[in-house]
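Hi,

Here is the structure I promised to pass on to you. Have a look at it first, and then read my notes below.

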Amino acid sequence: MHTAAPVPAASAGGPAPDWAERTATLLEAVRARGPLVHCITNTVVQNVTANVLLALGASAAMVDVVTEAGPFARVADALLVNTGTPHAEPRAAALEAAVAAVEAGTPWVLDPVAVGSLPVRTALARDLLALHPTVLRGNASEVLAVLGASAGGRGVDSTVGTDDARHAAQDASDGRRVAAVAVSGPVDLLVAPGIGAVRVANGTELLTRITGGGCALGAVVAAFTAVSPGDAGAAAVAATAVHTIAAELAAREAGGPGTFQPLFLDRLASLSPEDVVREARITVEAPAVAA
Ligand SMILES: Nc1ncnc2c1ncn2[C@@H]1O[C@H](COP(=O)(O)OP(=O)(O)O)[C@@H](O)[C@H]1O
Ligand SMILES: Cc1ncsc1CCOP(=O)(O)O
Ligand SMILES: [Mg+2]
């Protein structure tokens, strides 16, 4: 079992090199353990999600059948539930898996894709949220919508910035509805009790020009929760940094979205701890200290 490094001290607004070191350590832990990630995800991104997990060094299994999903969530190392194409059976399987994950102590991630004005997935995502996912991950519109603070974005895309979701995300994690919230966008925002607001400025606009740039990130976050027991914030930061740094390196060689996708998988697989430490652009805004 990997022993996580201590949480780095927060420094207001400045660079936080300890998070880069810790991300590198957690990346090595993912590769050493090869966590099995149980995915109940949408039909659009199943293939890219499995490929991203395999490139990272994790394992993927798409188990979205009722009566299989619950038992599998008990033996998997982590679970991802994504609401992108919420047909009837995957909806029931998602609830079954989430209940089992909570009972078994399997960490799990909720990605409330396109929640807001669409009633079926919005009800499902709220039911899932009530089961206390380890990490809530989505774009800013989705995070706000599932928390009841907005009407949602434009389909699967956000119409607001990550900082617009900051207060709702902090309320959700401080109130223990979830252990951490990961809000994606041009600069990703990660919040959890004790870590303040962590921002990861890595990434590439090409991640928004292929499908699954965010959905696969949810699976990567799930893989990192498996090696960060009790520290969902660290899992969210490390997963986001690894995903976005690999993408950024791939974008330097890519001719466009078509060549970017395989290069992204190559970079995920070859990303070294040194690459992480050299490329990470992570800042921390310390939590407010009570007077
Ligand atoms: N303008 C951008 N520049 C760089 N990276 C981005 C940009 N927009 C999104 N990303 C990255 O793309 C990934 C998916 O984010 P996002 O598009 O917000 O998710 P979703 O697909 O769920 O809406 C994240 O890793 C995020 O860091
Ligand atoms: C296009 C689409 N439609 C329903 S789910 C989905 C995939 C969304 O993927 P991402 O949120 O990673 O862009
Ligand atoms: Mg999404």
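Predicted model: local features only at pLDDT ≥ 70, side-chain atom pairs only at ≥ 80, totals over all residues.

**Helix packing and a recorded binding site**

Helices α8 and α9 lie oblique to each other. Helix α8 covers residues 215-225, and its axis is 8 Å from that of α9, at an angle of about 130°. The crossing of α8 and α9 is right-handed.

Which residues meet here? From α8 come Ala-216, Leu-217, Val-220, Val-221, Phe-224 and Thr-225, and from α9 come Ala-235, Ala-236, Ala-238, Ala-239, Thr-240, Val-242 and His-243. Ten of the residues in this contact are nonpolar and three are polar, with no charged ones.

Now follow the chain to the next pair. Helix α9 (residues 232-253) and helix α10 (residues 257-270) have axes that come within 8 Å and cross at roughly 130°. Because of that angle, α9 is oblique to α10. This crossing, too, is right-handed. On the α9 side the contact includes Val-242, His-243 and Glu-253, while on the α10 side Phe-260, Phe-264 and Arg-267 are among the residues involved. By class, the contact of α9 with α10 holds ten nonpolar residues, one polar and two charged.

One more thing to find on your screen: the UniProt record, an unreviewed entry, gives a "binding site" feature at Met-62 and Gly-212. Of this set, Gly-212 belongs to the lining of the second largest cavity. Met-62 sits in strand β2, which spans residues 59-62.

Enjoy exploring!

Methods: Residues numbered from 1 in each chain as written. Chains lettered and ligands numbered in written order. Heavy atoms only, no water. Axes fitted to C-alpha atoms, helices over the stretch in contact; angles between N-to-C directions. Helix = DSSP H or I, 4+ residues; strand = E, 2+ residues; numbered from the N terminus. Parallel < 35°, antiparallel > 145°, perpendicular 65-115°, else oblique. Left-handed = near helix turned anticlockwise from the far one by under 90°. Contact = heavy atoms within 4.5 Å. Nonpolar A, V, L, I, M, F, W, Y, C, P; charged D, E, K, R; others polar. UniProt positions renumbered as here; feature names shortened; annotations may be inferred. 1 Å grid on protein atoms, 1.4 Å probe; cavity = no way out; pocket = protein on both sides within 12 Å on 5 of 7 lines; lining within 4 Å.
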